[in-house]
Amino acid sequence: MNILHVVGARPNFMKITPVWRAISNTISGQQTLVHTGQHYDINMSEVFFTHLGLPKPDYYLGVGSGTHAEQTAAIMIALEKVLTELNPDLVLVYGDVNSTIAAALVSAKLMIPVGHVEAGLRSFDRSMPEEINRLLTDQIADLLFTPSKDGNENLLREGIDPRKIHFVGNVMIDTLVQLLPKARNTKVKDLSDRYALVTLHRPSNVDDLTLLKQIVSTLIEISDDIQIVFPVHPRTRKRITEFNIEFPGTNTFKLLEPLGYLDFIALLKTATVAITDSGGIQEETTYLGLPCLTVRKNTERPITISLGTNTLIGKDMSLLKQEVGRVLSGDVKKGKIPPLWDGQTSERIVNVLQRFFKNLTSN
Ligand code: UD1
């Protein structure tokens, strides 16, 4: 069987890694790796391939940045040529980025079956570009691999055929389980015993001048009580420069370049609290039992709140200060690891794929 994977942006790389490996170990046939080039900086892309042990992509589409239409369209045009040439038996897409919907749409139009890894998540907030990507990808996918039962419920409510839906667990956690032992040392200098690890990149937070200024000034206040360690996403870096936002330049507020996977996980493992708007970090902190304060008013990963260690802060910066204070006083949210977040998700995906291919060949 010939399986083609499409990835493009940073969070895709952690998701494909265990699936690629499990397929190589189990299914005979060929795998092709296509990188759209949505993320292209070394520290947003190449470093992940190195840390995760992913092979060099077979095809690099080099689409780069642009408006949503420009980026999605460029991926579609370039990928259509590759798919027409290779005609794979299945295309696997990951997560909710523009590369995900673009690849799913091209494949579906070419009548190539599509599998969506991390299906069914919903924030119910259509102002998020990822929510549109999730809704549309799930409508046209043939195999939908969900990380949590809420995903199954969302898909059933949207009229997806239950035979297409497979609750397999969380592939991101497969990667975390596998690589945690390797993420021993952080390269960050002068790290305090207690620190808050901060990441911010959502357009709703960083593209809004007033809000970004409020968030940064709150973080500066928080840095009086706990060291802030903030690897800055390129989108955020661009806005900080554009908006002329200034930072204290002290050791209690450390601004870093984006980190590779092993470096980031090493930092997350020993952090006191995470402050973030990322989806993946809400999941990783739940697995690690680390308090996570999410600077968003909703999440497509509600299980990290109901079972895990996540708390939604919204845009209320006084709440952020209050919740950090609570963590520092030792009052931390205790969580549980959600069902099937056990490091074995990619094996369950492979089992589904084997049944799928068996049906394909017997029909
Ligand atoms: C994308 C995803 C988002 C995901 C995030 C993870 C979509 C709609 N959004 O957001 O869901 O959480 O990736 O990082 O797909 N840039 C660089 N170098 C790079 C990549 C980006 O400088 O390697 C800058 C460019 O100025 C670009 C901006 O970052 O315009 C945004 O990049 P883009 O891929 O459009 O979206 P992200 O904000 O990274």
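This is a predicted model: local features need pLDDT of at least 70, side-chain atom pairs count only at pLDDT 80 or more; totals for chains, interfaces and linings use all residues.
Two elements each give two or more residues to the shell around the ligand, namely helix 3 (68-86) and helix 10 (234-242). Of the elements, helix 10 contributes the most to this shell, with three residues.

In total, 18 residues surround the ligand. Sorted by class, five of the shell residues are nonpolar, eight are polar and five are charged. The closest residues to the ligand are Gln38, His39, Glu130, His201 and Arg235.

| Residue | Side-chain atom | Ligand atom | Distance |
|---|---|---|---|
| Gln38 | N or O | oxygen | 2.8 Å |
| His39 | N or O | oxygen | 2.7 Å |
| Lys238 | polar atom | oxygen | 3.1 Å |

The protein covers 89% of the accessible area of the ligand, which amounts to 740 Å² for the ligand on its own.

Two of the residues in the table, Gln38 and His39, also belong to the group that lies closest to the ligand. The side chain of Gln38 places an N or O atom 2.8 Å from a ligand oxygen, while for His39 the corresponding distance is 2.7 Å. For Lys238, a polar side-chain atom is found 3.1 Å from an oxygen atom of the ligand.

Technical notes. Residues are numbered from 1 along each chain as its sequence is written. Side-chain values use heavy atoms; hydrogens and water are left out. A residue is near a molecule or strand if one of its heavy atoms lies within 4 Å of it. A polar contact is a pair of N or O atoms within 3.5 Å; within protein, one must be able to donate a hydrogen and the other to accept it, and residues adjacent in sequence count only if both atoms are side-chain atoms. Accessible areas come from the Shrake-Rupley method with a 1.4 Å probe; for residues, only the protein chains shown count as cover. Helices (H or I, at least four residues) and strands (E, at least two) are DSSP runs, numbered from the N terminus. Ala, Val, Leu, Ile, Met, Phe, Trp, Tyr, Cys and Pro count as nonpolar, Asp, Glu, Lys and Arg as charged, and the others, Gly among them, as polar.
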